[in-house]
Amino acid sequence: MNSGVSPSRGPVATLRRIAFLLERARADTYKVKAFRTAAAALLPLGEDEISARAGAGTLTDLAGVGASTAKVVAQVVAGEIPERLTSLEEEYGGELTSGGADLRQRLRGDLHSHSDWSDGGSPIEEMAFTAMELGHDYLVLTDHSPRLTIAHGLSVDRLGRQLAVVDALNEHLDGGFTLLKGIEVDILDDGSLDQTDAMLARLDLRVASVHSKLKMDPAEMTARMIAAIGNPFTNVLGHVTGRLVTGNRGTRPGSTFDARRVFEAAAEHGVAVEINSRPERRDPPTKLLELARDIGCLFSIDSDAHAPGQLDFQIYGCERAEAAGIDPERIVNTWPKERLLDWARR
Ligand SMILES: [Zn+2]
Ligand SMILES: [Zn+2]
């Protein structure tokens with residue numbers, strides 16, 4: 001996906017590339033939507049029809065194609081590279097970091113991603129296709145759990161339907177890539193998980209995260225996190241402190257807890273500590289990352305992508321892990337799929 005400007009890219013691929021670059025630059029969903037919607041509208045049409053419509057100026061008669069996206073398509077049809085793409089490639093297409101590339105090469109997948117079934121901006125299949133294009137062997141789909149109503153957390157019923165969609169999607173793939181079934185399950189105040197055991201048991205992998213009462217008393221927060229880590233369904237401890245360091249949601253300090261005890265519990269139970277790659281999270285903070293390293297924890301480097309272009313965020317986490325000198329063998333998403341699934345079965 002980072003191959004830069006390609007004159008051979010067709011209209012749909014060009015629109016998707018523009019959307020990818022905007023998402024990678026953390027543009028608001030509404031700015032990206034026009035390009036994703038237009039790509040979806042053109043996908044079922046043949047090249048001849050797209051060319052004919054571009055010639056006749058009737059692209060905008062299609063639902064989902066507006067003036068600016070029609071202009072992009074017309075330029076592609078005419079054999080030109082659209083200015084919009086050129087300027088975005090210049091502005092946002094470059095390397096995101098100066099480090100982490102070697103480690104990123106070793107990652108085989110991503111364990112934390114959201115679709116438009118919860119608070120993500122794109123359909124499940126678009127997340128999966130983009131993960132394939134980034135070279136992954138697997139992506140774990142981890143939409144939110146019921147209690148996170150502002151993020152449209154999935155009820156038992158909706159999660160059940162989602163699992164059927166994931167099965168159907170995998171049937172259409174050649175087996176070189178697998179969309180894995182997962183969840184980002186809320187850690188409730190008492191440390192229990194916000195989904196039924198029966199549903200959690202149907203998943204390949206579960207990320208457990210704190211999203212509420214971040215200012216809880218440290219002793220209670222420690223007990224809450226240790227209880228979640230001890231739950232046999234928990235595989236990954238998501239964005240450990242919950243802090244926000246930048247971005248349009250503002251900043252907030254992380255929760256406070258006895259990090260040594262929490263990481264010792266994670267090491268004991270084989271739960272991976274997530275290195276959350278989102279630039280506004282950078283979680284855990286470096287001191288905690290180094291503590292978890294010294295205690296001997298496993299790690300996962302996750303994008304926590306809420307849009308396809310954000311799947312590229314993993315490089316930020318790789319840069320931090322590399323700087324902290326974390327052994328790639330201890331990063332579970334450097335493992336092949338079968339080894340990952342064995343581990344996640346606990
Ligand atoms: Zn989360
Ligand atoms: Zn998430």
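Select Asp186 and Arg147: their side chains meet in a salt bridge, with N to O at 3.4 Å. A salt bridge here is a side-chain nitrogen of Lys or Arg within 4 Å of a carboxyl oxygen of Asp or Glu. Asp186 lies in strand E3 and Arg147 in the loop between strand E2 (138-141) and helix H8 (156-171), so the pair ties together parts that are 39 residues apart in sequence. Helices (H or I, at least four residues) and strands (E, at least two) are DSSP runs, numbered from the N terminus. Asp186 is buried at a relative accessible area of 1%, whereas Arg147 is partly exposed at 35%. Buried means under 20% relative accessible area, exposed over 50%, and partly exposed in between, with a 1.4 Å probe and protein chains only.

This is a predicted model, in which local features need pLDDT of at least 70 and side-chain atom pairs count only at pLDDT 80 or more, while totals for chains, interfaces and linings use all residues. Residues are numbered from 1 along each chain as its sequence is written, chains are lettered from A and ligands numbered from 1 in the order in which they are written, and side-chain values use heavy atoms, with hydrogens and water left out.

**Further salt bridges**

Next select Asp189 and Lys213, whose side chains form a salt bridge of 3.0 Å, N to O. Asp189 is in the loop between E3 and helix H9 (197-201) and Lys213 in the loop between E4 and H10, so this pair joins parts that are 24 residues apart in sequence. Asp189 counts as partly exposed at 29% relative accessibility, and Lys213 as exposed at 56%.

Move to Arg293 and Asp294, where the closest N and O atoms of a salt bridge are 2.9 Å apart. Here Arg293 is partly exposed, at 24%, and Asp294 is exposed, at 57%. The whole structure holds 20 salt bridges.

Glu184 is in strand E3 (residues 178-186), and His211 is 27 residues away in the loop between strand E4 (205-209) and helix H10 (218-230). Around the zinc ion (ligand 1), the coordinating atoms come from Glu184 (OE), His211 (NE2) and His239 (NE2), at 2.1 Å. Donors are N, O and S atoms within 2.8 Å of the metal (3.2 Å for Na, K and Ca); water is not among the atoms, so sites may look incomplete. Glu184 is buried, at 1% relative accessibility, while His211 is partly exposed, at 22%.

Now centre on the zinc ion (ligand 2). Its protein donors are His112 (NE2), His114 (NE2), Glu184 (OE) and Asp304 (OD), at 2.1 to 2.3 Å. Their spacing in sequence is H-x1-H-x69-E-x119-D. His112 sits in the loop between strand E1 (109-110) and helix H7 (124-133) and Glu184 in strand E3, so the pair ties together parts that are 72 residues apart in sequence. Both His112 and Glu184 are buried.

Select Arg26, in the loop between H1 and H2. Arg26 has a positive phi of about 60° although it is not a glycine, and its relative accessible area of 36% makes it partly exposed. Arg282, in the loop between E6 and H12, likewise has a positive phi, near 40°. Arg282 is partly exposed, at 38%.

Finish by selecting Asp283 and Pro284, which are joined by a cis peptide bond with omega about 0°. Pro284 is in the loop between strand E6 (272-276) and helix H12 (286-295). Most residues other than glycine have a negative phi, and most peptide bonds are trans.
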